[in-house]
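Q: I have a model open and would like to learn how to read it. Could you walk me through some of its features?

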Amino acid sequence: MTTVWSGTALAEAIEAFAPGSVESSAGTDVWLKPESISTVCEGLKTRSEFKFDLLSSLTAVDYINHFEVVYHLTSLPMNSSAVLKSRVGLGRSDASIASVVPIWRGADYQEREVWDLMGIRFEGHPNHKRIMLWEGYPGHPLRKDYVTYDQSIASSAPDDRDGGE
Amino acid sequence: MNQAMLDNSLWRNIYCVLAGDSAQCASRDYSAGLLPGGLEWLAFLLAAAAIIGLVINGILGGVIVLIWGERRLFGRFQSRTGPNRWGPWGTLTSVADAVKTMFKEDLVPADADRILFNLAPILIAAPALLVFSVIPFGVGTYVADLNIGLLFIMAVTSLTTLAVLTAAWSSGNRIAILSALRSVALLISYEIPMALAVVGVIMLAGSMSLGDIIAAQGVPFILVQPLGFFVFFIAAMAEMARAPFDLTEAESELAAGYLNDYASMKFGLFFLAEFMAELSTSAIVTTLFLSGWRGFDPIPSQFWFIAKLIAVLFVIIWFRMTLPRLRVDQVLKFAWKGLFELTMINIIVTAILIAIWPQPTTGQLWMMAAINWPVAIISIWGVSKLLGTPAYDKPQPTAEAPTYPVASESIPAGSVLGAEKGGD
Amino acid sequence: MIGLGLPRGFVVTLKNFIRPPVTEQYPDRHVGLLGAAKEAGMNPFQFLVKKPADSLKAIAGLATVPVAVKQSPRFRGNEFTYFEDRCTACASCAKYCPLGIIEIVSVPGKIDAQEGESYKLEVFDIDIGRCMFCGLCVEACPYDALHMGTNFERSKYVRDELVITKEELFDAPKRPSAFYRPQFEEKGFDPFKETIEDFHDAGRHEQKTYDELKKKWVDER
Amino acid sequence: MRVMFDGEEIVDVEPIFGYLHRGSEKLAEERTYTQIITLTDRMDYVSSMLNNQGYILAVEKLAGIEPSPRGVWLRMIASELQRIASHLVATGFLLQDLGALGTPLIYAMRERENILDLFEMLCGARITNSYLRPGGVFMDAPDEFWPALDRGLDDIVNTIDELETYLSGNEIVFSRTKGTAVLPPELLINASITGPMLRASGVDWDLRHRAPYDYYDKISFERILHTASDNYARYWVRVQEARESVKIIKQCIEQIEPGEVRPSFDEVPRLIRPPAGDAYAAIEGSKGELGFYLVSDGSIAPYRMHVRASSLINLTLLREMLIGGQFGDLFVTFGSVDLNMGEVDR
């Protein structure tokens, strides 16, 4: 049975190797400061007490006044899982966070999807492009302030999205 | 009037009916010709035209039946019924398809080289028909009996690739070019084993004329030359780009390849040529290895020929339905490393046997068969051992020794979600 | 192992070649003389004598007999079955529809102290063209008034014709599907053979006792 | 997808997604929890029961619903049947991509058809099932389902035997798939690739075993592993997993108990209002870890729904698998990854 790290225990353990990176913790969740995400994730992957080698899921939620990036981590050797969260873009301005692609390749398409649909920029992503929608699509659809049923969207689509044959 | 034409009963009958009093028809009782005397040259031409018309139409009709039959057989191999709605048992389906194809719009891509683009369908259909000119369909039923018939067939069938290359080049389409290059590679590789495979047959028959080859088959050569048959059959399948060698069309990879830009009846001609090639291949196999029209007496020889033809077609369709496609490098490897060796073994063994029995009688042919079969089985087994991809020795079960440590350790007890509550 | 894999494959395909086809032909299938005679209800010799034209057709492979499709009673088809006497115009179905394709307009009808307030249904439109047959409207109906249908042939050239109106719902043959209506299965109602005329039969009226339920469950597994 | 060739060799690959993007996650934000079930059907349309199951587990975790046992057994049977169907489709299309002209595909589809008939008996639909509800399933199986299931399981085993006789020893299948698109297990894990692809590389990671959901802890089954991590290993793992699923269903049939198939409407109302919070539930889908992340704000509709689509994430290593390979292997590798565009784009 997969064991789940409790938020407080994980926060303590993270503080031990990366002081001042944890914002708060509750239940299963640990809230990290966005600027420390790279260091913490690197440590979580490599350090022998965590060994989180599989990034299950990466997503983001729009909480009107800020965005929250959510990481679900799994450790195969320890058969355990944990949840990391990070609040970015307070006041809906300049939502950006460091990319974890150098640590987990699996974040590649997921980060592109979050950028495409939620509009959170991942600094250091090797191929930071939209994934589902075309370049030049107005807005990010999964944001809560996105206006649907805009007919002009259809006309903004390029004729041939491949840009070739 | 040469002797070869007089041997051709089909030609002779028509000629004699038209120009009755001719000296050549003395052996038969023709009361009077339809044409007045002195017009033998006209009768000669008319007879030739009649035979050409008969054979071409016969082949086209045969292709229509073959398309229907092949689709029905496909259906049965895949536990379906196949086309059965239009006409009795669906026989009119391919007629309906032909009509539909003719009424479609004839498209030429803007980038295409128009002259070559229009020439290619004709180029591909003509050689497929030419092959039939030397094949004897029955006793005295043939268009021409060339003394180099086999060489003629080899030469004509390789023209198909020229047409494919023309079609692909003129379409101005990169996928088509890829398919044409594959086609050329396939031709160059498989022409050699195919030509070498029939050397054994030529040695045994002592002639390249298809009529002589049939006459020499007291025992069908499939029994005397199993290795030659094996190689020739596979090479012929590759030559006509049939599964498992359908690299030129490769539906899942190239989306019909060089046929990409063809529509309407131009596509129809390619389609027709493909099936004509299938028909001609089985006719050649029947002639060379299944003793052509030879059979038991009360049943006419033409019937024997068609029955053997259908049997060969069934095997070809069966192959096509069963086997997945090979990759292009594997196909070429198979030709050069596998089939080439097999043909060499075949030629050497046959040459030794011919040296022992220069003019083999039926009994001696049976002796040869008895020697050739073990040789064939051993060499095919050896080559497959050398070339084949071995299976995984023991693929299962590795659950005891996974390649990556999973659940080998556990997190500190105090860190588990439920346990941590008690600790607080 | 080497070299035996391919021949085995050939044997498998040949086995399937001999096996009868699994295709189910629809709406009719072609039959030979025997099948046509069976369809006409006489033996082949009678058929030959009595209907020479038909038997010639059958011998030529042109005779067809209609085929009924095998469907489960729970099939979620279109042509919704609707019992107006059971409907209270509560619009649960409209609320529950994920796509919002059910339109209901009701006005207060006659006020009757005995029956309670009753409503008059003005509009009941189901836009089949956008329906995905999830059956949530049927699941939501508290009085078993709306049922899924069992038909599936409703192709039209114009999208507007795909809207099922109130009148059409009233007049349609009552062949409800057993989807979310266990009472039909218990009664052994076969929507492909019979129709339900009396609206009382369409609903659940008595609850089963626990013992009965348990007996059913234990019996079956 | 944009592919660059040098002759027959692949030089560069860039996948381009989005042609089937329907905005399921956005649509889910304005639908009730029950209505979203119909959306999950349409994500991976060859394994809709598994999608239903993943979503239902997330809802149950979020709202704290205790499912009724018979409903859980029924949905396990349904989802294992769906797994067999999905694996059969994957195998059939892999062989179709190998150029077998439809014969194995039709044999696989013929068997899948029987499974779809079983689904029609259960829930009235064949592909877009919407059979599961929070707390169980919407309706008990009909009486004729059980004998049909017994017959169907025997047929499935026969068909898998037949497919294996036909293909597993086939020389051409071997030479085409053996040693192509090999990926080391460490790289697979780093790229978050799960499911049969990961198990084909010898990593013993199956959520049914490692993080048992529903009643998988009451079931004993063999985990199928292969160490080669090439296209053949992926094919082999899928076929053997379909066999294991038959065994799982047989155990479910033995252990199924009488009872209601879903909690009464007093316990689980039609309009669920989970407390504010979030939940992530993952199941072992047919293509890998299928996770649903739900955020609730206490209303009748989720505030945010995210799907961890294994088809999309399994494509992460596409370049590593394809570059340097042959053109002919391109589609075979696609077939062995078993991607479903509906799930990739959602």
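A: Let's start with a helix lying on strands. Helix H3 (residues 48–63) of chain D lies across E5 and E6 of chain D, running at about 145° to E5(D). Helices (H or I, at least four residues) and strands (E, at least two) are DSSP runs, numbered from the N terminus. Axes are lines fitted to C-alpha atoms, for helices over the stretch in contact, and angles run from 0 to 180 degrees between N-to-C directions. Two residues are in contact if their C-beta atoms, placed from the backbone, lie within 7 Å.

Q: Before we go on, what sort of model is this, and how are residues and chains labelled?
A: The model is predicted: local features need pLDDT of at least 70, side-chain atom pairs count only at pLDDT 80 or more, and totals for chains, interfaces and linings use all residues. Residues are numbered from 1 along each chain as its sequence is written, while chains are lettered from A and ligands numbered from 1 in the order in which they are written.

Q: Which strands make up the open sheet in chain D, and in what order?
A: Strands pair if DSSP finds at least two bridges between them. Here three strands line up as E5-E6-E7 (chain D), with antiparallel pairing. E5 and E7 of chain D are the edge strands, each pairing on one side only. From one strand to the next, the twist averages 10°. E5(D) and E6(D) share eight bridges, and one to look up is D:Gly277 with its partner D:Ser296 in E6(D).

Q: How do H4 and H14 of chain D cross?
A: Angles under 35 degrees count as roughly parallel, over 145 as roughly antiparallel, 65 to 115 as roughly perpendicular and the rest as oblique. The axes of H4 (residues 69–97) and H14 (residues 327–337) of chain D come within 8 Å and cross at roughly 180°, which means H4(D) is roughly antiparallel to H14(D). D:Phe93, D:Leu94 and D:Asp97 in H4(D) are in contact with residues of H14(D) including D:Phe331 and D:Val332.

Q: How many residues of chain D touch chain A?
A: 30 residues of chain D are in contact with 27 of chain A. E6(D) gives the most to that side of chain D, with four residues.

Q: How does chain D look overall?
A: Chain D has 15 helices and seven strands. Its radius of gyration (taken over C-alpha atoms) is 20 Å, close to the 20 Å from the globule rule (2.2 Å times the number of residues to the power 0.38) for 346 residues, so chain D is as compact as a globular protein of that length.
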